[in-house]
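Hi,

Here is the structure I promised to pass on to you. Have a look at it first, and then read on for what turned up.

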Amino acid sequence: MSIQTVLNNIEAYGYIVIALSLFFGIVGIPAPEESLLFFIGVLVVQHKLAFGQAVMSAIFGAFIGMLTAYVCGKYVGYPFIKKFGKYIGITEPRWEKAKDKYTNHARKTILFGFYMPGIRQISPYFAGITNIPFRSFFVFSLIGSILWIIPSIAAGYFAGRIFHINPAYVPYLGLFFFILFVIYVLFKYFKNTVNR
């Protein structure tokens, strides 16, 4: 999707486009969330979007996406794993080990997983599957949404004030962050492999 298409959609349908993009990005339908948030900040500097409305739309979309994924994990994911897990290598001991590991770090994962592509999509499903209490999930996913969205939009806003940013190049920012994430994961993997 081109930048002009995003702009045209926002002009035609309003801030609901931002909310829907973040919603679909969280539930797992591929969307360049980091690029979009940065781009929103750039558009605010160019007076094409209002900061408050853009932030609220993004938070709403991401938060509702988190809640939807949690509910899907709770009511669809766990029964699926229980019934078919043995056919894909998820044995009861493996499941218990993964469940314990996740529940021990659930709060941190929900709060800061937003900054890691892939983790932010898997985390809410896993929270539902492992029966993390809904109240805790609600609070931590709301705080995590805010802690991810405001700094990401602010980064675009301040970068747009300092530098002239051609909006056509903003999508490459998402690719850059994805490559950094892959390098980080590979580094951690090789580091753990060497230390064994």
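The largest nonpolar core holds 34 residues, and Ile18, Leu22, Leu37, Ile40, Phe137, Trp148 and Ile149 have the most contacts inside it. A nonpolar core here is a set of buried Ala, Val, Leu, Ile, Met, Phe, Trp, Tyr and Cys residues joined through side-chain atoms within 4.5 Å. Helix 4 (51–84) gives this core its largest share, nine residues. At least two residues each also come from helix 2 (16–27), helix 3 (33–45), helix 6, helix 7 and helix 8. In soluble globular proteins, nonpolar side chains tend to be buried together.

Before going further, please keep in mind that this is a predicted model: local features need pLDDT of at least 70, side-chain atom pairs count only at pLDDT 80 or more, and totals for chains, interfaces and linings use all residues. Residues are numbered from 1 along each chain as its sequence is written, and side-chain values use heavy atoms, with hydrogens and water left out.

Glycine 144 sits in helix 8 (residues 134–162). Is glycine 144 buried or exposed? Glycine 144 is buried, because its relative accessible area is 1% (buried means under 20%, with a 1.4 Å probe and protein chains only). Beyond its neighbours within four places in sequence, glycine 144 contacts Leu111 and Phe114. Alanine 62 lies 82 residues from glycine 144 in sequence, with 9.6 Å between their C-alpha atoms.

There is also a pocket to look at. The largest one contains about 780 Å³ of space, and 16 residues line it, with Ala98, Lys101, Tyr102, Thr109 and Ile119 nearest its centre. (On a 1 Å grid over the protein atoms alone, a pocket is an open set of points where a 1.4 Å probe fits, with protein on both sides within 12 Å along at least five of seven lines; lining residues have an atom within 4 Å of a point.) Helix 5 (92–104), helix 6 (106–112), helix 7 (119–129) and helix 9 (171–195) each give two or more residues to the lining.

As for the whole protein, there are nine helices and zero strands (DSSP runs: H or I of at least four residues for helices, E of at least two for strands). Buried residues account for 40% of the 196 residues.

Best wishes

Technical notes
Buried means under 20% relative accessible area, exposed over 50%, partly exposed in between (1.4 Å probe, protein chains only). Contact means heavy atoms within 4.5 Å. Grid points are joined across faces, edges and corners, and a volume is the space filled by probe spheres set on the points.
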